[in-house]
Structure formats: C-alpha cells, structure tokens
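Reader: I am new to reading protein models. Could you take me through one, question by question?

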Amino acid sequence: MYNFEFEKPSTVADAVSALGGEDAQALGGGQTLIPTLKQRLASPSTLVSLGGIPDMQGVCIEDDGSVAIGGATTHATVASEAAGSYPALAALAGQIGDPAVRNRGTVGGSLANNDPAACYPAGALGSGATIITNTRQIAADDFFEGLFSTALEEGEIITTVNFPVPQAASYQKFLQPASRFALVGVYLARFADGVRVAVTGASEDGVFRWSEAEEALNKEFRPDALTGLSINPANMIADLHGSKAYRAHLVSVMTKRAIEACM
Amino acid sequence: MPKDSGIGASSKRREDVRFLTGAGNYTDDINVHGQAYVHFLRSDIAHGRIKSIDTSAAEAMPGVVKVFTGKDFEGVGGMPCGWEVTDKHGAPMQEPPHPILAQGKVRHVGDPIAAIVADSLEQARDAAEAIDLDIEVLPAVMNMKAAALDGATLIHDDLKNNICYDWQLGETDDAKVDEVFANAAHVTTLDLVNNRLVANPMEPRVAVGEYKPGTGDYTLFTTSQNPHVIRLLMCAFVLGLPEHKVRVVAPDVGGGFGTKIFHYAEEAFCTFAAKACNRPVKWTSSRSEAFMSDAHGRDHVSKIELALDADNNFIGLRTNTYANLGAYLSTFSSSVPTWLHGTLMAGNYKTPVIQVNVKAMFTNTVPVDAYRGAGRPEATYQLERVVDKAARELGVDPIALRRQNFITQFPYDTPVALTYDTGDYNGTMDKLEVAADLAGFAARRAKSEANGKLRGLGINCYIEACGIAPSNIVGMLGARAGLYDAATVRVNATGSISVMVGAHSHGQGHETAFPQVVADMIGIDESMVEIVHGDTSKIPFGMGTYGSRSLAVCGSAMVKATEKVIEKAKKIAAHLLEASEADIELKDGEFSVAGTDKSVAWGDVTLTAYVPHNYPLEVEPGLEETAFYDPANFTYPAGAYACEVEVDPETGQVTIEAFNAADDFGNIVNPMIVDGQVHGGIGQGIGQALLENCAYDENGQLLSASFMDYAMPRADDVPFYGVDHSSQTPCTHNPLGVKGCGEAGAIGSPPAVVNAVLDALNSGGKAVDHIDMPVSPSRVWAAMNS
C-alpha cells in the first residue's frame, strides 16, 4: 500500500473535521478498504478510523421499539446483541464472512460501501431502516443509488442505523461458492402495514425491492402468492458463478423460502 | 491387533507439533543479513510485443538497487523442460525458449517483464510503477481447437504452429480401431472438459538467493518439493553454475501438490541477482501472483468413445484430447498429458484395443504442469465417466458392468505400455460395497426424496501408476532425468540414527513414517531415528517427492541402506560376541548368537563402531551407509470409490452426503497418515468436481484471480470420509511392498462426484448425460432446465 496518515478521533465532530482534509478517507472495519489499499487501488492521504468513537458503538432499543445500531458496531456484536430484539437481522450479521470478518467489519462500513452482493443493504432496505448521519436522516429507500454508490455526501458519516422491528422477518442467502457473499440474498420483513422484500447479489443496479412480490404478499402472505411472478433477468448480474436467468430464478426461490420461514 | 510402533502403527505425526504451534521454519521465515527485495513487474496483457521498456526513472527511485529486464538475461539459459515428447510421426516436440524475464513478447497475464530489486518491497513496488512500458497488444490465443488451426496467431513466432506435439499411444492402425467401433454392438461417446485448476498451497512460493563473494558459493532457499532437481536444472541449464558451488535448501514447505516440483524463473532470478547486486535477494509471492505464476493443473478437452460387444464387454476405447500447456513449457508439463495420462487409459479394464490421441497446445495462459495426480485424474475422469454413461445407456448396473470388465489376471500388459504387477479390483469393490452400505442406498434415496431432494450414487474405479519410475524406461520415453532416489543412514555413536533422504516432505509425514521403517528393522524406538531432508548440502542426490513416490522409491533406498548398516553391525557384533557372523540375529535392538543366551545391545555395537578399540580389523570404523534405488516398475495403487450426493432441485445445489473409499495401497507403514492422505486427496477432488474453476476470458484475462472468485473447498463442503485400505496386494518389486497413496483421492473422487450428481438428476426424471466440472449450482440448474 501507499503511505498515508492515520487518525483515530474519539468524537463524530473530530472525525468530520479530519475527513475534511484533501483525499481523506473514512475507515470502518476495513474489510474492503484495506485489501484495496494493499493492492494499491486507492491512495488516500489520511485514513480516519471511526473505530474509536464511543457514540457510534453498540446496539440499543429505542422507545418506539426500533433497534438502533451504532455505525461502527461490528457484525459480531450485532449478531449477539440484536439476537433478542431483532433475530432476523442478528442472523444476517452472523452469516457475513467468517469470524475474523465479523469481528472487524461494521454495519456503517457495509452500508456506505454498498457492495452489490453485501448482506446489510438487503437488511436495511428490507427493514425500511433509517440511516442516520452526522448531518441528516436518510430513509433506506433513498439511500442506495447503485453499485458502490449511496446518497452519502463527501465526508458524511453513518453514525447510527435505526431498524424498525417487523412482526416477522427472514434473510435467505444463497452463497456464491468462492467469496460466500450472496449470489442472491433476499431479506423479507413483514410489518403490520405491509411486506418488504429486498434483494441483494442479483442486480446490476445493486440492492432493490421486489415490489411485485410485496404487492402479492400484501394480498396474501403465502409462498404460492408468488406463483406467476418472476424477475426480469435483463438487469441481473451474469458472472462465473451464475447467469442472469439463474439469478432471476434464485430470487424467486429465496423469496419463497423467506416467506416459509416467516409463516 | 494394531501395532503401537514400527511398520503398521498409527504413530502420531511428530512434525505436527512444530507446524501447529507456529514453530515451523518456512522459506519466508528465512531472512539473510543485508537482503534486498525483488518485485516482479508482470504483464497485464495476455499476448503482446514489447516495443520498449524504459527503466531509467525506476532506477533513480529511492532504495532501488538494480532493475532487470529480459536484456539482462540474453546470455543466460531459459527455463528448461525436463521431458522431450516425441510426436506420432517421430519428430521431437516443439520446444520454445522460456526466458527468465520476457524477451520480445509477453505471452500470458503474469509473465514477468522486469524485476526491481530494492531495499524494501514497497520501494520496489513504487519503482515498478515508474517503468514505462510500450507493448503492442496482439490477439490472445485462448481456445485450444482454434489455436491448432492453420493460420492461427502464433504465440511463439519461431514455431511452425501452436501445437507442441501431436502424440499417440496404443493402437497405431486407425483402420483397426475403426473396425472395432464399426463392429461394436454399442458405442458410448462423451465430450468433456477437465477443468483448469490452481493448486493454491497454503504457503505461496518464496525464494531467497545468496552469494558469498569470498568463496563463490551460492545458496538458494526455496519452496520446493525437490531441491536437487532444482539445483541440477538451474546450474546446468539456466545459469551455468558449478553444482558444487550451489546449495539449495527447501526447508519446511507448506504444501506442494505438484506445483512446487518445477524450476521457476523467480528462483533462478534470485540466485542470479544475488551475485549481480552483491546482496541477498528475497522474493515472496503474493497470493495474486501465485494465481498468475504458479503452474496450473489439468485443462484438457477430450472426446472419448467406448465400444462394447453384445455381452457388454469393452472391446475398444478411443480418446482425442486437447491438452493445454499454457504459454511456455513448464518443467514436466510435456509428460503430463502423455506418459502420465495416455498410459492410464486402460484403467482397471481388459479393453483389448485402445488408442489415445493428444494434441498439446500452447495458449496465452499460465503454464500448466503436474497437479496432484498429474494426467492420471484426467485419464480416470474420461474413462469412468464414459463407463458410467454406457451403463446408463444400456440399462445395466454400473458396478456389474465394471466388475465384468475388470482385469483379474496379473501381471497384466495393457495395450498402453504398462505392466500391472498386481491388484485385486473385485477385492476393493467388495470392501466398498460393504463400507458404503450400497444395499441401503434405496432407503436413503427415498428419505431424501421425502425431503424434496434428489439423491444420487456415483461409483468410480481407478488405477494409477506411482513410484515413478524405472530410469531406463522413462529415459526411453523422453525423460531428461533419472527417477531413482537415495538415502543415507547415519548411525551415531550412541545408537541414534539420522536418515538423510532425497524425498522431501511438504505435508506428507515423512518425518514420522520413515523412522517407523528404520526403527522397525532394527528393533529400536522410533524416537531414536530422525529424518533429514530438503538441503542439498546434507542429503544424497535424490529426486524428491511427487507422483506418490516417496516411500516406494526413497523408502526402498532407505531400506537398502539400513540393510547395509545391519549387515555391518552384525560383523561388529560377531566380533564382540566371539561368534560367527552367520549366527548373529538382530531382534528388538539386541544382537544375539543363535541358540545361546549371548547378546550385545544395539548401542554397544554402535559405540564400538566409533570407538573401535575391540574391533574386527577387516571392518572399517563407523556405521553409515548410502543406497540408491531405481525401481523395476511403477507401482499400481487402485481402488473403488462411492459418493452419495443430494441435489436441491430448486437451486441446483449439490451436497455430498457420504463418501467412501476402498483403496489398495499394498502394505501400509502408518495407517493414520494414509487415511489423512486419502482425506486430503478426496477433498481436492471434491474441490475440482464441485468448486474450483480457473477461468480466463477471451482476451486472456484471468477471471478467477483471487479467492473471491476461485472457490477452494472448505471444511463444510466435504463430508466425513469412510476410508478402507484393508484390501492389500503388496507391490511385487519393492522391498516394503508399498504402492503410494498421495494422489489416489484426487484421482478417484471427481468422477465419483459427477457420476453421483448425474445419477441424482436422472433419478428425478432429468435425462442429463453430462455436466462439466465444477458441477456448480448454476450449471446443475442449467442442465436441469435445458
């Protein structure tokens, strides 16, 4: 990697200030950024670690029953501490990578990176989460803008992610055999006011909501409510591990399994 | 009764203590005072003509010691190929030069163009970015069949085409083969691909070169399976150095799987650069470099045809294979698709007429060479897939069809140049049928179906030729090296023993198993015997470890040397006991006079050898013997494997529910180590069958260039294995009666897995004949929905 300065502020304000420098880069758990640096594919002047800010750590239950997770909270912490309050989300966190990844990688880092095969974007979009930054609150529906692209401004930090807790939810992840990212992952959440279905791994545009499935399930929450519905393969990802048609097919299968898990 | 020591005992692997506690000494652990670091600037273009390389800015960068390009090696030899294959018309193979650094052209992504030696690796990488390259991009030659056509873009401008050789084995009369097929009652044909693999040993390759100007001595520390072979090739063919001035050390090596047999440019470079820079030079491969510079494995495209008569006897077999050699000839690459592949096409069957045709192709890819099994998995995969397909087409039981055609009389001369000394293929199949509970399969299938899954059973038989090999025979076949091995048994004064062996252990467990043999022969505790390997300054000239040969070849040398030691020790004992040498018996570490209670202990005899006060005058002092062993034949391990899979019909996901192996390895020294070798081999075979796929795009870019896209088998991809090696037909021509077990699992498992998947799909009403490996979920789903 190239040389860089390293800062580890203890407050959000100091982090924002440090990120104001030219070519400064926020560092969450580094599970994407550090390999990128090692391959010399990025050359930030300063890395600003968000791992030393107590306000960005931990899982707590808000007065409205939603689960608020600090942006710098690791997957392992979410997997254990959210297990009682939001089990489907905790299960999602517990399936990311391996123990080393889960003990470094963070929810804020994953959402800010918006890898098209990452798990958290599906969890956030499927839950209708609110991404809270140092400057504003962004609804998940407005946050994800395509591959590795989000609504975040330069230097904006995800401080907290607020997850409404559904009546039932399930994340069904079909593994890409090599990376064990999601070849297709479906996060289904059933709220009193409707069902949300978010799909990761499949689309060339990144995580998306399968609105036809949601409409069908809002009428009738049963696996065969999907009968006759299918995803258009045109916008699906095709690579070594699966064709467009295969991914489109898997979206249906994983959605059906998520419904069954919520029954 | 299981033994608790010596031959046949499952002694715990003594080397594992240091491996598992982080106390190993790997090449990257070796740092030489004052060393500099080399970074190789590698081509990101698959095929191109080098117009210019400007290194002037790089040379001026901080910390840079020297920048090398192909020009610096114009007076130096290239990387040699150790096996000359003669084509079917009697012409030698086309053998293009393979320079240490690219000269004139780059021929694959990863081809080294320049080498930057600097005080630190980061400085070397910084300088690499300052090298100005002008490379004219040429069309990448990727498809083997297209590469063979007249007018195809030439990878090596001085060759007449991209075909290294067009080789044939077995029946030379095409008309006779045609006649067999024309008269057949049934012909089964299969087109298949044996997928390209990357070995991916846990430890990437490393080289440290050192030169002592005071004495003119070189030392190369390197990740090798055969240090003497590296020394010979590098000294005689590449750098022109006197062998006695070069020491090659291969210390602890973290996995080889074949890809660390070969002499690589980086090793020769570090040795050369150590003198040129007057500093030790170290190179540690990154994982990314390993993907594009370690020799790959397999990559055959084959058509196989099996002819059967009306009674389902195999009467003819014909194969046509395109074998990918990559851009250059790696050390033993030419032998893999030929003498290690064609010779195995008889398999376990008495097929009377066999013709094997192989076109070996140059393409703009990383060189391809031996990988665990090396040619034998490719042969077994073709044969056992076509036999299974024939059984399905004929509606007969695949086991019965195999049994009907088994070779049962030994020795057996195959139509493809081998003589099997011994074997019992029904014996291993009998063991398999019990161990795998094949009788219970129908019930297990019903249970899977009740859970919405398809269940399949795949059977496979294999034979392999190990213990390579009689030097006179391989010499006739084109090998440019002998393939004996050597051992020195050095008995110390107090009775402990150091055994210097030419074999190299990079995970096999030699440090445990070899002492079991020596200790057993003498009757002393295993802990008194230790193996020394991996250093040309310490060991006799042996040929190293590959092809499941260590115990069969080097172990035989060790037995012979130990016999010489015992013979001499008996002379000393006879003198001490004032008896005739002919009356001396050695048992449990005691020499005794037959029929008397007179005896002398091993340690007293060994001490006498080195403190020869009371000593036979006609006997030399000391107790150290060396033996070289050149085998009389290959060894022929064989076996039968059964794989059971479940297929999720909704996703195409295959899970392996059971895997049983029944192998005949002849006699066994350490059953636990043999189990482990079989487990590892099956794991690698399952990796090939289900997961691993080294893929390039049409421009020669490596798509599976990291573990993000190259799927290695993980613990949860493989089942608990059932391993049975109780069916034993000892090798008839080596002293231990051993055959070799290192590659069997990787040879026998891929066809079993694929046969099982196809059985599952057919049981579910899908008439699927073939899916290429890796049988990934997407491919299974596509096959089910095509």
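The questions below go from whole chain to single residues.

Author: This is a predicted model, in which local features need pLDDT of at least 70 and side-chain atom pairs count only at pLDDT 80 or more, while totals for chains, interfaces and linings use all residues. Residues are numbered from 1 along each chain as its sequence is written, and chains are lettered from A and ligands numbered from 1 in the order in which they are written.

Reader: How many helices and strands are there in chain B?
Author: Helices (H or I, at least four residues) and strands (E, at least two) are DSSP runs, numbered from the N terminus. Counted that way, chain B has 19 helices and 28 strands.

Reader: What radius of gyration does chain B have?
Author: The radius of gyration is taken over C-alpha atoms, and the globule rule is 2.2 Å times the number of residues to the power 0.38. For 786 residues, a compact globule would come out near 28 Å. Chain B agrees with that, at 27 Å.

Reader: What percentage of the residues in chain B is buried?
Author: A residue is buried if 20 or more other C-beta atoms lie within 10 Å of its own, exposed if 12 or fewer, and partly exposed in between; C-beta atoms are placed from the backbone. Of the 786 residues in chain B, the buried share is 56%.

Reader: How many residues of domain 2 of chain B are in contact with domain 1 of chain B?
Author: The bounds come from an automatic or database domain assignment. It gives domain 1 (27-138 + 202-255 + 260-284), domain 2 (300-469 + 633-784) and domain 3 (484-629) in chain B. Two residues are in contact if their C-beta atoms, placed from the backbone, lie within 7 Å. Domain 1 of chain B brings 19 residues to this contact, and domain 2 of chain B brings 20.

Reader: How far apart do the C-alpha centres of domain 1 and domain 2 of chain B lie?
Author: The centres are those of the C-alpha atoms of each domain. In chain B, the distance between domain 1 and domain 2 is 36 Å.

Reader: Which helix gives the largest share of the side of chain B that touches chain A?
Author: In this contact, 16 residues of chain B meet twelve residues of chain A. The largest share on the chain B side is three residues. They come from helix 19 (residues 777-784) of chain B.

Reader: Why is helix 6 of chain B largely enclosed, and what do its buried residues pack against?
Author: Helix 6 (residues 227-239) of chain B has 13 residues, and ten of them are buried, so the rest of the structure largely encloses it. Among the buried ones are H228(B), R231(B) and C235(B). Their packing partners in chain B are strand 10 (217-222), strand 11 (246-249) and helix 7 (265-276).

Reader: Which residue takes a positive phi just after helix 6 of chain B?
Author: The phi is about 65 degrees. The residue is G240(B).

Reader: At what angle do helix 14 and helix 15 of chain B pack?
Author: Two packed helices are described by the angle between their axes and the distance between the axes. Axes are lines fitted to C-alpha atoms, for helices over the stretch in contact, and angles run from 0 to 180 degrees between N-to-C directions. Helix 14 (residues 510-522) and helix 15 (residues 550-577) of chain B have axes 10 Å apart. Their angle is about 35 degrees.

Reader: Which residues of helix 10 of chain B make the contact with helix 9 of chain B?
Author: The axes of helix 9 (residues 376-394) and helix 10 (residues 398-405) of chain B come within 9 Å and cross at roughly 120 degrees. Helix 9 of chain B brings V387(B), D388(B), A390(B) and A391(B). Helix 10 of chain B brings P398(B), L401(B) and R402(B).

Reader: Where is P774(B) found?
Author: The peptide bond from M773(B) to P774(B) is cis, with omega near -5 degrees. P774(B) is in the loop between helix 18 (744-763) and helix 19 of chain B.

Reader: How does R40(A) count by its C-beta neighbours?
Author: R40(A) is not a glycine, although its phi is positive, about 60 degrees. It sits in the loop between helix 2 (33-38) and strand 3 (46-49) of chain A. With 14 C-beta neighbours inside 10 Å, R40(A) counts as partly exposed.
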